[in-house]
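Here is a friendly briefing to read with the model open beside you. Take a look at the fold, then work through the points below.

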Amino acid sequence: MVKARFTSLDVCAMVRSLRSTLLGYRISNVYDLNRKTYVLKLAKPDHPKLLLLIESGVRVHLTKYARDKGQIPSGFTIKLRKHVRSRRIEAVRQLGTDRVLVLTCGSGAAQHTLLIELYDRGNIVLLDSEGAVLTLLRNSKHDADARVTVGDVYSLEPSISLEKVSREWLVRRMSAAEPRTTLRGVLLRAMPLGKELIEHVLCVSAAPPNLKMADKPWEDEATVDRLVDALRDAERYVWVEGGEI
């Protein structure tokens, strides 16, 4: 089955891959394929040219496939070209465990930040060096108080942060859950790592995923210890250099 949308874990893996490839490349041009899909053409002396495909709300990855481009660039594409063309990619990261990929282009007063939102309807947002929105694919409203439009300062704080894994923390999360909640449900809420990594944790720890909290699994010290070890391994997978995810 073809993957239709990136998970948080997919974003994490893609960030690691792109970080090892894109740093030092300059954005030589920007093209639009349709209203949601864009291609960044990247160049670096003595290196092969690269194409970075961005589909808002869905995916971001390198591609070798030459896609048909529109004859006339959209207004959004023209604005991106104005601000990021010739800028060098200085950093690639994920915003917490959110499905948001962040490209830092240029440095100092010339720095621009391109945010690629891969959740819900998606978005592509360009920030100036002060974090204010210069242009974006669409105005959006994340909740009752948080809108995103040109001129606003975009919050670069992740919506969900990882907590430090410990035995005490896990026992507290399990004992505080509703009796009908399964172990899988507790872990999905406690650790925003994505369902694939949580399934891996359950498999490695040999813990029954549908075990109800009514059975007080926190009283089984061996199971708790295995879960803590597996969760710490999962946490190390997504936690990268410098304390950023």
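Buried means under 20% relative accessible area, exposed means over 50%, and partly exposed lies in between, using a 1.4 Å probe and protein chains only. The model is predicted, so local features need pLDDT of at least 70 and side-chain atom pairs count only at pLDDT 80 or more, while totals for chains, interfaces and linings use all residues. Residues are numbered from 1 along each chain as its sequence is written, and side-chain values use heavy atoms, with hydrogens and water left out.

**Helix H5**
- Helices (H or I, at least four residues) and strands (E, at least two) are DSSP runs, numbered from the N terminus.
- Helix H5 spans residues 195-205, and its buried residues are Leu197, Ile198, Val201, Leu202 and Ser205.
- These residues sit on the same side of H5 because they cover an arc of only 145 degrees around the axis; the arc is that of the directions from the helix axis to the C-beta atoms.
- Exposed Lys195 and Cys203 are carried by the face of H5 that is turned away from its buried side.
- After H5 comes Ala206, with a positive phi near 60 degrees.

**The five-stranded sheet**
- Five strands form an open sheet in the order E5-E6-E7-E8-E9, with antiparallel pairing; two strands pair if DSSP finds at least two bridges between them.
- Strand E5 (89-94) and strand E9 (133-136) are the edge strands, each pairing on one side only.
- On average, neighbouring strands of this sheet are turned by 20 degrees against each other, direction ignored.
- Six bridges join strand E6 (residues 100-105) to strand E7 (residues 112-117) in the antiparallel sense.
- In E7, Leu114 is the residue opposite Leu103.

**Helices on the sheet**
- Helix H1 (residues 8-22) lies across E5 and E6, and runs at about 160 degrees to E5.
- Helix H2 (residues 75-84) packs on the sheet and touches E7, strand E8 (123-127) and E9, with its direction at about 145 degrees to that of E9.
- Contact means heavy atoms within 4.5 Å.
- Axes are lines fitted to C-alpha atoms, for helices over the stretch in contact, and angles run from 0 to 180 degrees between N-to-C directions.

**Positive phi in loops**
- Most residues other than glycine have a negative phi.
- Asp46 has a positive phi near 65 degrees; this residue lies in the loop between strand E2 (37-43) and strand E3 (50-55) and is exposed because its relative accessibility is 83%.
- Asp120, also not a glycine, has a positive phi of about 50 degrees; Asp120 lies in the loop between E7 and E8 and is exposed, with a relative accessible area of 54%.
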